[in-house]
Amino acid sequence: MLVDRKGTSARRQGLPKARKGLRKRKKTVRRRPVAKGRPAPETVSVPPPQTAPETSGGFGADLPLVSAGAEPLAVSVVIPVKNESRTLRRVIREAFRVDRNTEVIAVVNGSTDGSERIARACGARVIVFRKPLGHDVGRAIGAKAARGRVLLFVDADMVIPARRLRPFVDAVLHGVDVALNDYSGPVRKMRVHGVVLAKYALNALLGRPDLAGASLTAVPHAMSRRALEAIGAESLSVPPLAHAKAICAGLAVKRICRVNVGAMNPRRGRRSLERLIVGDHLEAIDWWTRHAEPGGGYGMQTMGSGGMP
């Protein structure tokens, strides 16, 4: 099968460059007083690579890891940020309202509009990359640093009220491994968008037509720590691939409730992203063809620590 990996390869090429720039210096940030009940802003410094023995120079090797004695939080909300100063403050505010025991992780990359300053002032843990990471890579970086039992993923340009985010967290707390936004995209039209077709096709191929067009491609969605360990944080940089791995691993993947992100999504860059996201689905299908057994089953013996290869 021929797979268009142009978008994803470019995305991965950008990640090491961003890390390299980070190692040049550490930035000292003065802590500001915060309101009562709000966690103090945390500046995430990048430790030497030897503090991350599990990756040894690979994905997330120089990210802060959770210490063995640290008590896990209930929820980690991961927010990739690139020049989202207009909406970021409100997005973080709603994220903190999801649960009392919540951390908010802002992965600020390639921002020049003050987003980093806003994230710190709002009490988020901030991971900074001076250069853009690429589409969806911020989710994977944030997941690698998360400490919560439940990981919730949102975008910085969509202000979704906390009351509409809580159902995803509650579903995971009650046994669901991957809680999806029940949003498939418009299908009752003459020309159906390529991404919508790709999501339906992938779910049908995976034996989950009941999911319709629901996918890890669309936020908000949440997952358990068990799911993260099964698929590997790095898989989240290609959401359809993470989606396929979660289903093939036998995890409980369910549609929870519908948030119409299509109406919220800014129109900028939609056309260029279509090709990238369709290519991501082709990558997921390619992975599936290499791991599916004759008869439609899956070679679960290939599953190992940190996700399937």
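**Close-up views of the predicted model**

**View 1. Lining of the largest cavity.** By class, five nonpolar residues, no polar residues and one charged residue line the largest cavity, where Asp, Glu, Lys and Arg count as charged, Ala, Val, Leu, Ile, Met, Phe, Trp, Tyr, Cys and Pro as nonpolar, and the others, Gly among them, as polar. The model is predicted, with local features needing pLDDT of at least 70 and side-chain atom pairs pLDDT 80 or more, while totals for chains, interfaces and linings use all residues. Residues are numbered from 1 along each chain as its sequence is written, and side-chain values use heavy atoms, without hydrogens or water. The lining is formed by V91, E94, V154, M158, I160 and L165, a cavity being a set of points on a 1 Å grid over the protein atoms alone where a 1.4 Å probe fits but cannot get out, and a lining residue having an atom within 4 Å of a point. The largest cavity holds about 40 Å³ of space, taken as the space filled by probe spheres set on points joined across faces, edges and corners. One cavity of 30 Å³ or more is counted in the model.

View 2. Helix α2 spans residues 88-96, and its buried residues are L88, V91, I92, E94, A95 and F96; buried means under 20% relative accessible area, exposed over 50% and partly exposed in between, with a 1.4 Å probe and protein chains only. The buried residues of α2 pack against the strands β2 (73-81) and β3 (102-109) and against the helices α3 (115-121) and α5 (162-173), all being DSSP runs numbered from the N terminus (helices H or I, at least four residues; strands E, at least two).

**View 3. T102 in strand β3.** T102 belongs to strand β3, and because its relative accessible area is 8%, T102 counts as buried. A polar atom of the T102 side chain lies 2.7 Å from the backbone oxygen of D99.

**View 4. R164 in helix α5.** R164 sits in helix α5 and is classed as partly exposed because its relative accessibility is 26%. Leaving aside neighbours within four places in sequence, R164 is in contact with C257, R258, V259, N260 and M264, contact meaning heavy atoms within 4.5 Å.

**View 5. The chain as a whole.** The chain has 10 helices and eight strands, and 52% of its 309 residues are buried. Of the contacts in the chain with a separation of 6 or more, 76% join residues 24 or more positions apart.

Definitions and conventions
1 Å grid on protein atoms, 1.4 Å probe; cavity = no way out; pocket = protein on both sides within 12 Å on 5 of 7 lines; lining within 4 Å. Polar contact = N/O pair within 3.5 Å; in protein donor to acceptor, adjacent residues only side chain to side chain.
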